[in-house]
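I am opening a new notebook page.

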Amino acid sequence: MRRRTFLAAGAATLAAPSLGLAQQSKVLRFIPQTDLSFLDPVFSLAYATRNHGYMVFDMLYGQDSNFRASPQMVEGHVMEQEGRLWRLTLRDGLAWHDGEKVLARDCVASIRRWGARDPFGQALLAATDELSAPDDKTIQFRMKHAFPLLPEALGKLPPLLPVMMPERLAKTDPFTQVTEMVGSGPFRFVPGERVSGARAVYERFQGYVPRGSGTADGTAGPKVVHVDRVEWTTIPEASTAAAALRAGEQDWLEFAANDMLPLLKRMRNVRVAVQEQAGMMCFMRLNHLHAPFNNPGIRRALLGAFEQSDYMMAVAGDDQAMWKAPVGFFTPGTPMASDEGMGVFQGPRDYAKVKRELEAAGYKGEKVVLLGATDPTFIHGLSEVAADMLRKCGMNVDYQLSDWGTLTARRSSREPVENGGWSCYMTALTGVDMTNPALSAPLRGNGDRAMAGWPDLPEVESLVGEWFAASGLAEQQRIAARLQAQAFRDVPYIPAGQFLQAAAYRSNLEGVLRGFPLFWNVRKT
């Protein structure tokens with residue numbers, strides 16, 4: 001179905017008699033930040049894909065709001081031989097959406113596929129001597145050396161997600177998207193009702209058995225579903241989304257545009273709250289494969305042009321309680337954050353000086369293709385500031401706007417700009433994603449296996465390895481400070497500030513969990 005056909009059908013639905021209250025209470029209507037462009041949470045870093053992934057699939061471990069890992073699909077684990085042998089036992093009642101039983105060999109294949117793509121997974125598999133399924137319920141890791149972060153790796157919150165899939169799907173090439181959505185999570189994806197650019201639908205999986213104990217907190221604890229159906233409707237225009245929420249046509253708006261907050265706060269029966277306390281960490285991603293940003297001197301020179309407060313005011317306004325600048329490579333207020341190397345952001349920005357430094361570093365007027373997005377709203381704001389900044393530096397800017405789904409597809413291209421490639425784009429990850437080297441995908445410098453931009457930075461990778469081997473928090477913090485200093489020399493990306501973003505939802509929703517959108521534990525009263 002095309003978006004135009006869907007919208008026409010939607011208008012007819014709104015004109016029809018209302019559903020009964022009991023039926024309405026079983027349907028949760030949600031407005032995502034962006035459209036669901038990719039379905040495979042091992043393939044895409046998009047947050048819409050992450051949120052979709054947590055509905056359809058399950059993971060061996062979950063994490064609570066304090067980032068503590070706890071068993072989810074596993075009943076528990078035993079660790080022997082001074083941390084070099086782990087045995088994970090699957091809990092009873094696990095089934096795939098096609099009715100088949102979840103087996104340990106499915107999980108082994110899923111871990112291997114995820115581990116080929118994700119930086120944390122790559123570290124785990126590099127430390128693993130043997131990964132096997134001795135029987136249908138046991139997953140066994142024989143390690144080359146102790147790896148105490150194994151539960152954290154298999155329960156990580158940020159994309160790419162270590163979701164479990166049937167073995168036949170998990171054997172798909174890690175760099176090829178899985179499109180058949182068979183998971184063991186609390187919801188089933190309804191492919192026949194998906195409308196690209198407009199709609200995605202999920203139904204409660206009747207065969208899902210939640211954990212029998214604990215408290216729902218983040219992705220930890222029992223995932224108890226209280227609705228029969230969840231409908232995602234993509235509404236890029238902020239005022240239209242707010243109007244739908246006000247009218248009761250929608251129940252939950254993932255992120256409210258900053259300029260809509262005063263209106264939303266005045267609405268009856270609508271609540272506004274900052275769900276993700278770690279905020280969003282904004283940055284410019286640079287393509288390290290092609291000129292001009294394959295030159296580290298050019299990347300370093302550009303640091304002098306970044307006024308992070310300009311970016312933050314573009315996305316969060318004048319209320320400094322809603323943003324922080326300057327920030328470094330780790331989320332402010334978390335253990336790995338430091339002031340190391342932050343002097344580069346101090347003092348007024350001198351664009352004439354930056355232009356001279358760019359030329360001295362070897363910039364010869366090469367075209368800089370800046371990819372921008374019209375949605376979500378904050379990406380558009382960041383992109384506009386970036387385009388202006390690059391022009392002030394004297395760079396030959398080709399600013400190309402599209403929707404976010406088109407941008408995420410295009411950024412996978414490794415071609416030079418004359419063949420449809422790109423030079424840079426503005427984006428953001430949640431603060432949760434950038435708290436330490438294990439989780440921060442854009443920090444990594446592992447070449448072809450890195451996040452789009454593909455930096456090859458041996459010194460960064462060496463320090464990441466040291467961080468994984470650190471004996472305690474104090475040593476991790478020392479290494480993280482050195483790593484930040486090295487990142488300011490190598491510049492895998494350029495930090496642009498941290499901001500908080502509010503969600504809005506109807507006041508008859510209860511049990512909405514803190515953090516990114518999770519659809520279990522939520523009731524409509």
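**Entry 1: ground rules and overall build**

How many helices and strands does the protein have? I counted 16 helices and 21 strands. I took helices (H or I, at least four residues) and strands (E, at least two) as DSSP runs, numbered from the N terminus. The radius of gyration is 23 Å, close to the 24 Å that the globule rule gives for 525 residues, so the protein is as compact as a globular protein of that length. That radius is taken over C-alpha atoms, and the rule is 2.2 Å times the number of residues to the power 0.38.

I noted that this is a predicted model, where local features need pLDDT of at least 70, side-chain atom pairs count only at pLDDT 80 or more, and totals for chains, interfaces and linings use all residues. Residues are numbered from 1 along each chain as its sequence is written, and side-chain values use heavy atoms, with hydrogens and water left out.

Next I checked the box. Along the principal axes, the C-alpha atoms fill roughly 65 × 65 × 40 Å.

Buried means under 20% relative accessible area, exposed over 50%, and partly exposed in between (1.4 Å probe, protein chains only).

I then looked at contacts (heavy atoms within 4.5 Å). Of those between residues at least 6 apart in sequence, 73% join residues at least 24 apart.

The accessible surface comes to about 20800 Å², and 49% of it belongs to carbon and sulfur atoms. I used Shrake-Rupley areas with a 1.4 Å probe; for residues, only the protein chains shown count as cover.

For charge, I counted Lys and Arg as positive and Asp and Glu as negative, leaving out His and the chain ends. Each charge sits at NZ of Lys, CZ of Arg, CG of Asp or CD of Glu. The mean positions of the 57 positive and 57 negative charges are 3 Å apart.

**Entry 2: cysteines**

How many disulfides are there? I got 0 disulfides, with the cut-off set at a pair of cysteine sulfur atoms within 2.5 Å. Cys282 is in no disulfide; its nearest cysteine sulfur, that of Cys424, is 15 Å away. Cys282 is buried, at a relative accessible area of 3%. For Cys424, the closest cysteine sulfur is in Cys393, 11 Å off and too far for a bond. Cys424 is also buried, at 0%.

Pro292 lies in the loop between strand 13 (280–286) and helix 10 (296–303). A cis bond also joins Ala325 and Pro326, with omega about 0°. I placed Pro326 in the loop between strand 14 (323–324) and helix 12 (351–361).

I also logged positive phi values in residues other than glycine. Val491 has phi near 55°. Val491 sits in the loop between helix 16 (473–490) and strand 18 (493–499), and is buried at 0% relative accessibility. Asn521 has phi near 75°. Asn521 is in the loop between strand 20 (509–510) and strand 21 (523–524), partly exposed at 25%.

**Entry 3: helix 3**

Is helix 3 mostly covered or uncovered? I found 10 of the 10 residues of helix 3 (residues 47–56) buried, among them Tyr47, Arg50, His52 and Met55. Their cover includes strand 8 (187–189), strand 9 (199–204), strand 10 (229–233), strand 13 and strand 17 (424–430).
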